[in-house]
Amino acid sequence: MTSTFKINAAKIFAHSSTREDGVGARTVIVDCLRKHPRIEINLSKIFMTPSFADEFVGILAKELGKEEFKKRVFFKNVLPDIKPLLLRVIANRLSAIEIKK
């Protein structure tokens with residue numbers, strides 16, 4: 001059985017509003033993915049802007065690719081207002097990959 005490394009976003013992401021904040025968050029996650037086969041990101045009480053979400057999750061999905069992203073990255077406790085945003089940025093970045101092929 002593959003173990004899942006758990007990340008509490010509230011403890012490691014100081015801010016979640018700018019693209020620069022999103023780059024920092026993505027860098028932390030990429031580092032964790034180098035060390036662990038699967039990660040679970042607890043987004044409890046995390047509000048984010050579209051810019052942050054795109055840099056953090058959208059580009060991560062693009063870099064990993066759809067199948068790898070689905071196998072290795074999991075979200076927990078996503079606020080109801082944030083879930084559609086995450087789905088949109090992931091879909092936008094993955095559709096950009098499809099168009100380029």
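These legends go with several close-up views of a predicted model. Because the model is predicted, local features need pLDDT of at least 70 and side-chain atom pairs count only at pLDDT 80 or more, while totals for chains, interfaces and linings use all residues. Residues are numbered from 1 along each chain as its sequence is written, and side-chain values use heavy atoms, with hydrogens and water left out.

**View 1. Phenylalanine rings meet in a cluster.** A search of the whole structure turns up 4 aromatic pairs. (Rings of Phe, Tyr and Trp, using its six-membered ring, pair if their centres lie within 6.5 Å; planes under 30 degrees apart are stacked, over 60 edge-to-face, and the rest tilted.) Look at F52 and F56: their ring centres sit 5.5 Å apart with planes at 50°, so this pair is tilted. Both residues belong to helix α3 (residues 50-64), 4 residues apart, or about one turn of the helix. Helices here are DSSP runs of H or I with at least four residues, strands are E runs of at least two, and both are numbered from the N terminus. Ring pairs also bring in F13, linking F13, F52 and F56 into a cluster. Are F52 and F56 buried or exposed? F52 is buried, at 0% relative accessibility, and F56 is buried at 0% too. (Buried means under 20% relative accessible area, exposed over 50%, and partly exposed in between, with a 1.4 Å probe and protein chains only.)

**View 2. Here is the largest nonpolar core, with 26 residues.** Such a core is a set of buried Ala, Val, Leu, Ile, Met, Phe, Trp, Tyr and Cys residues joined through side-chain atoms within 4.5 Å. I29, I39, I41, L43, M48 and F56 have the most contacts inside this core. The elements giving two or more residues to the core are α2 (19-35), β2 (38-42), α3 and α5 (83-100). Which element gives the most? That's α3, with 6 residues. Zoom in on I39, whose partners include F5, I29, L33 and F74, once residues up to four places away in sequence are set aside. (Contact means heavy atoms within 4.5 Å.)

**View 3. Helix α2 crosses helix α3.** Their axes come within 7 Å and cross at roughly 35°. (Axes are lines fitted to C-alpha atoms, for helices over the stretch in contact, and angles run from 0 to 180 degrees between N-to-C directions.) The contact includes R19, R26 and V30 of α2, along with E55, I59 and E63 of α3. Sorted by class, the contact has 10 nonpolar, 2 polar and 6 charged residues. (Ala, Val, Leu, Ile, Met, Phe, Trp, Tyr, Cys and Pro count as nonpolar, Asp, Glu, Lys and Arg as charged, and the others, Gly among them, as polar.) E55 is buried, with a relative accessible area of 12%. Leaving aside neighbours within four places in sequence, E55 is in contact with R19, G22, V23 and R26, and E63 with R26 and V30.

**View 4. K45 and N77 have a positive phi.** Most residues other than glycine have a negative phi. K45, not a glycine, has a phi of about 65°. K45 lies in the loop between β2 and α3 and is exposed, with a relative accessible area of 70%. For N77, phi is near 55°. N77 sits in the loop between β3 (73-76) and α5 and is partly exposed, at 43% relative accessibility.
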